[in-house]
Structures are given as structure tokens and as C-alpha cells.
Amino acid sequence: MSSQQHAFSVPATLIVGDGIGPEIVDATVGVLKALGAGIDWEYCDAGLAAVKLYGDPLPRSTLESIRRTRLALKGPLITPVGGGYRSINVTLRKEFQLFANIRPARSFLPDGLFKDVDVILIRENTEGLYVGVEHYIPIGDDPRAVAEASGIITRFGCRRVAEFACQYALKTGRKKITIVHKANILKALTGLFLETCQEVGRQYQDRLTIEERIIDNCAMQLIINPAQFDVILTTNMFGDILSDECAGLVGGLGMAPGANIGADTAIFEAVHGSAPDISGKGIANPTALMLAAALMLDHIGQYHNAERLRDAIKQTLQEGNVRTPDLGGNASTIQYAEAVIRRLG
Ligand code: ATP
């Protein structure tokens, strides 16, 4: 056993996922093995692969595995647009009450748009417009003449995620939280979010600066001066959109990891989808999933391994000659993963 290897293995569920899932999961599992992280994977199916095998995009065996391990790493899962089954990602967040979605964006690329981005976006993950309360209203012979959707936000949900964000900020040495909302227009829906987060924030004002921004202004400020942001705390839909914007600031979706955290379960994933346009070509960028794996290592207390992994990714990208095509290189997913493994300190 190497000095870095862990004496006890940690059971975790592994969902390979759709599209580029198998390629980026393979690369990430290989890197974790080289790190000696000691993860004992339970391979499970979900998404299109599970529909083909079991006629169910989220089979019971997969749910049972997550219930057992309380820890999962997940490749991207296809959500059919319009009809078809409901988003499995959303279902998993609801099932395990994964109320906080952490999406860090950090400048790893020396030649990227911005060199000084280091923002952690924390998104409420279970409420808002994602609750799926929507329907059509027929008029005359048009059964879908009007579409209506409701967003639901609770004081309990806001308090829970705000408390989490403050604690997370303190634990990770952050100084400032920006609450992002649209309380000037959606006065009840995001007004309650703003009011409750500010209420929670006041209990931390001796240790954290708490400020607020309207979503549209925040979207613009992120482009003008992203370094002013430290932690962003926002609602489900705004968080979804802003986190893709943050990913864009640091090199695109291939660079953006995500963690879904609940009271007793956590699921780690890349922010991006299944990228059907490049699936099977062996050129997907596995960095986002590797960085998600680093968040998972932090979560299970393997801080040293998490830092080793982030450092190896940073070195690989800074040296610049081994990059996947989305970052302007011509390396394959496997070549990139091998380059990261060679730099593990
Ligand atoms: P889905 O419906 O599953 O979300 P999508 O194609 O709408 O799929 P993404 O999968 O997030 O959305 O992809 C958006 C774009 O970003 C695509 O052009 C895709 O090729 C690119 N992309 C996403 N992830 C990666 C990655 N890891 N490496 C390289 N390119 C990526």
C-alpha cells in the first residue's frame, strides 16, 4: 500500500451516465485510483442506459445503492426536452433532499479570459421554478393556448440553504456572500429568499460581509469584474443560469464541477450535460468531473488528496501542451487524464 493510500476504503455509488459519461467517468476513476483515494465503487445505471436495460431511467437498485453509500459520483444524464421522463438530476435532488448545489468556478487557464476568478456559487437546489408545477390552459380548439408555471419558495428552504452557505463560506475561508435575487419584480417569490437570507446573514455579520445584487446586474458585473465575487448565494433557476456564465469565465463547461449536498447524502457531478455532439469521439474534457471528484474528496475529509488532484489539473493546464479540443488543444480524454496522473504530487 502506498503512503498516500487510505487504510479503509470508502463505499460510493458510481453512475456512468449518458453521452460522454463513460469517457469522462473512466478518466476520473483512473485518476482517483492513481491518487490512492481508496474508493470502493458500486457501479449503477441511470438515464438512457437504464431505460434500455430496465425500462426505467432511475432504477430502484440505483436508489438503494445511494441510500446505502450516501455518496455518489455521477456522469451526465440526458433529460428529454419537452416530453419524456422528468429530469433524473432533479428527481435525485428531491429524493435525497440535496438542498444545496455548490458550483465553484476558478481560473485554471493562464491564457483564459480572466486570470483571477475564484467564485463559489451556491444554488438552492429543491425549490423555485424547478418544482415542476406547470400546466397548459386550453382556449377554443388549441389545447396548449396558454402555459402557466408556479415557482415555490419556502422560508424553511431559504433558511436551510443560507445557513449552509454561511457555514461553507467560513469553512473554506471565504469573506463575502452576495445574495442574488429579483425581488424588485418577483417581490414574493424572490423577496422571501432575499429577506430570509439577509436574516440568516445577520447572525454571521461579524465574520462575513453579506451583500445583495439583482440578478441582471450580477450577470453583467460577472463579465466586467468577476474578481469582486467570492460566494454567490441564489435561487434554483438563477443559480442554474449564473453557474453556466461563471463556467464561461473560466474556460467553458468542461471546467465546471458541481456538488449536490443534503443533510446526509451528497452527489457530485459535472455542471455540463451529456454533450451528444462529441460523445464517443474520445475528446471530451474530463476536468469538470475530476474537479467534482476533488469536491467529493473534500467532503469525505481527504483534503490532501483533493488538493493534490486540483494542483495536478492546474499544472497540466498551465503547461498547456496537453489539452482537449474544447480548450484549443488536440489531446484525447485519455491522454489528458494520463498527463494529470503524471503530475500527481
Ligand atoms: P444535455 O441536454 O445533456 O444538457 P446539451 O448538449 O444541451 O446536453 P451540454 O452537454 O452541456 O448541453 O453541452 C453544451 C455544449 O458544450 C456542447 O457543444 C458540448 O459539446 C460542450 N461540452 C459540454 N461538456 C463538455 C466537455 N466535458 N468537454 C467538451 N465539450 C463539452
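The structure is a predicted model, in which local features need pLDDT of at least 70 and side-chain atom pairs count only at pLDDT 80 or more, while totals for chains, interfaces and linings use all residues. Residues are numbered from 1 along each chain as its sequence is written, and side-chain values use heavy atoms, with hydrogens and water left out.

**Exercise 1.** Find which residues come nearest to the ligand.

Solution. Step two is to look at atom pairs: a backbone N or O atom of Ala-275 is 2.7 Å from a ligand oxygen, and a polar side-chain atom of Asp-277 is 2.8 Å from an oxygen atom of the ligand. A polar backbone atom of Asn-285, in turn, lies 2.9 Å from a nitrogen atom of the ligand. Step three is to consider cover: the ligand taken alone exposes 600 Å², of which the protein buries 65%, with accessible areas taken from the Shrake-Rupley method with a 1.4 Å probe.

**Exercise 2.** Decide whether Asn-285 is buried or exposed, and find its side-chain partners.

Solution. Begin with the place of Asn-285, which is the loop between strand E12 (266–270) and helix H9 (287–299); helices (H or I, at least four residues) and strands (E, at least two) are DSSP runs, numbered from the N terminus. Asn-285 is buried because its relative accessible area is 5%, and buried means under 20%, exposed over 50%, and partly exposed in between (1.4 Å probe, protein chains only). Its side chain makes polar contacts with the side chains of Thr-287 at 2.6 Å and Asp-326 at 3.0 Å; such a contact is a pair of N or O atoms within 3.5 Å, and within protein one must be able to donate a hydrogen and the other to accept it, while residues adjacent in sequence count only if both atoms are side-chain atoms.

**Exercise 3.** State how far helix H8 reaches.

Solution. H8 (residues 236–249) has 14 residues and reaches 20 Å from its first C-alpha to its last, close to the expected 20 Å, the expected span being 1.5 Å times one less than the number of residues.

Technical notes
A residue is near a molecule or strand if one of its heavy atoms lies within 4 Å of it.
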